[in-house]
Amino acid sequence: MPNTAPETPAITVVAAIIRGADGRICLSQRPAHKHQGGHWEFPGGKVEPGESLSAALARELYEELAMEQAESVPFMTIAHQYPDLHVTLHFREVFAWQGEPHGREGQPVAWFENSELPGLSFPAANRPVVTALTLPPTLAIAPPDQSLTSLLDAIGKLDAAQTGVYLRHWSQHEVLPEIASCCRHNGVRFWLRMASEEDVAVAQREDAFGLHLPSTVLAGCDQRPDFAGVVSAACHDRAEMEKIGSLSLDMAMVSPVEETSSHPGASPLGWPQAAALMVGQPLACFALGGLTPDHLPLAREHGAVGVAGIRAFWSS
């Protein structure tokens with residue numbers, strides 16, 4: 001987590017991801033006279049001493065938006081250093097409330113499609129959350145030992161709203177165009193593995209959602225790849241996370257969290273060490289290694305926005 005300069009005031013803030021029944025996100029606009037005024041933001045406010053994050057958010061949502069009895073769970077945490085202020089933001093996903101949100105203090109409140117968020121003006125600390133909201137909560141890694149027919153059939157059975165695909169072992173395969181076409185046809189967001197600079201053009205040509213840098217490629221990078229989509233990288237330790245941050249990448253795949261048969265010799269991080277890597281980072285983190293989709297709530301409690309894996313993430 002970034003260090004706070006001694007002379008810089010520090011505050012802890014809790015903010016809400018509020019989704020309507022139609023999937024749109026509720027945002028409010030900061031008053032012009034306040035810090036970061038005029039920007040759209042995820043509603044919330046300061047956490048009072050001794051107050052739990054969930055209680056603080058419920059209170060703020062009642063005071064600001066007249067939302068009663070709001071219930072929430074962790075989404076992601078970001079530590080951000082502004083020139084004049086250090087902010088730790090705990091974003092929480094609100095899953096139940098009563099009342100119709102509206103600005104009790106006269107502030108504009110509006111609902112936006114996910115696709116509209118990147119075009120809005122946000123405080124700098126909110127930008128990683130905007131990216132995280134475009135990601136599926138689970139990422140299925142394509143097994144290397146499947147037949148092409150089986151893989152295409154499995155992709156067709158995925159819930160595209162919930163699951164994306166990382167074509168790790170297939171990214172440089174001659175059948176990649178056919179697999180990518182299947183993903184696009186089914187609306188499945190997919191990542192390609194970058195092995196060389198040529199793969200950036202391949203990812204652009206195939207309209208890949210993401211480009212992933214394995215550790216060996218990450219180590220040799222001195223700038224962010226020139227790719228228009230999400231750029232992610234493998235992360236196994238603090239040094240790799242710092243390198244990912246220095247390149248301003250969008251996402252890190254942190255592994256192995258638990259023991260995994262795909263990497264039998266690797267020593268697992270465990271949840272406390274994984275959380276130490278993920279919490280507070282200005283990017284979206286996915287946890288993988290010995291996990292299933294059912295680990296998503298636990299992963300979010302430890303700083304990840306999603307989980308990834310191989311066998312357990314495909315429909316039977």
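This is a predicted model: local features need pLDDT of at least 70, side-chain atom pairs count only at pLDDT 80 or more; totals for chains, interfaces and linings use all residues.
Colleague: Is L167 buried or exposed?
Modeller: The cut-offs are under 20% relative accessible area for buried and over 50% for exposed, with partly exposed in between (1.4 Å probe, protein chains only). L167 has a relative accessible area of 0%.

Colleague: Which residues contact L167, leaving aside its neighbours within four places in sequence?
Modeller: L167 sits in the loop between β9 (163-166) and α4 (176-185). Contact means heavy atoms within 4.5 Å. W191 is 24 residues away along the chain, yet the two C-alpha atoms are separated by 6.1 Å. The contacts of L167 are A142, L176, I179, F190, W191 and L192.

Colleague: How many helices and strands does the chain have?
Modeller: Both are DSSP runs, numbered from the N terminus: helices are H or I with at least four residues, strands are E with at least two. On that basis the count is 9 helices and 15 strands.

Colleague: Which strands form the closed barrel?
Modeller: The barrel has 8 strands with parallel pairing. Two strands pair if DSSP finds at least two bridges between them. Neighbouring strands are turned by 25° against each other on average, direction ignored (axes are lines fitted to C-alpha atoms, angles run from 0 to 180 degrees between N-to-C directions). The order is β8-β9-β10-β11-β12-β13-β14-β15.

Colleague: What is the bridge partner of L288 in β15?
Modeller: Strands β14 (residues 284-288) and β15 (residues 306-309) run parallel. They are joined by 3 bridges. L288 is partnered by A308.

Colleague: Why is one side of β3 and of β7 left without a neighbour in the sheet?
Modeller: These strands belong to an open sheet of 3 strands with antiparallel pairing, in the order β3-β2-β7. β3 (40-41) and β7 (109-112) stand at the edges, so each has a single partner strand.

Colleague: Which residue in β3 stands opposite Q29?
Modeller: Strand β2 (residues 25-29) pairs with β3 in the antiparallel sense. That pairing runs over 2 bridges. Opposite Q29 stands W40.

Colleague: Which residues does S28 contact, leaving aside its neighbours within four places in sequence?
Modeller: S28 lies in strand β2. At 2% relative accessibility, S28 counts as buried. Its contacts are H39, W40, E41, P43, Q107, P108 and V109.

Colleague: Within what arc do the buried residues of α8 fall?
Modeller: Helix α8 (residues 271-278) has W271, A274, A275, L277 and M278 buried. Seen down the axis, they line one face of the helix. The arc is that of the directions from the helix axis to the C-beta atoms, and for α8 these residues fall within 160°.

Colleague: Which elements do those buried residues of α8 pack against?
Modeller: The partners include both strands and helices. They are β12 (230-235), α7 (238-246), β13 (251-254), β14 and α9 (296-301).

Colleague: Which residues does P282 touch, not counting those up to four places away in sequence?
Modeller: P282 is found in the loop between α8 and β14. With a relative accessible area of 42%, P282 is partly exposed. Its C-alpha atom is separated by 9.2 Å from that of L249, 33 residues apart along the chain. P282 touches I78 and P128.

Colleague: Which residues of helix α3 are buried?
Modeller: Helix α3 spans residues 148-157. Its buried residues fall within an arc of 160°, so they line one face of the helix. What covers them includes α4. The buried residues are L151, L152, A154 and I155.

Colleague: What is the radius of gyration of the chain?
Modeller: The radius is taken over C-alpha atoms, and the globule rule is 2.2 Å times the number of residues to the power 0.38. For 316 residues, a compact globule would come near 20 Å. The chain agrees, with 20 Å.

Colleague: What share of the residues counts as buried?
Modeller: The C-alpha atoms fill a box of roughly 60 × 45 × 35 Å, taken along the principal axes. Of the 316 residues, the buried share is 52%.

Key
Residues are numbered from 1 along each chain as its sequence is written. Side-chain values use heavy atoms; hydrogens and water are left out.
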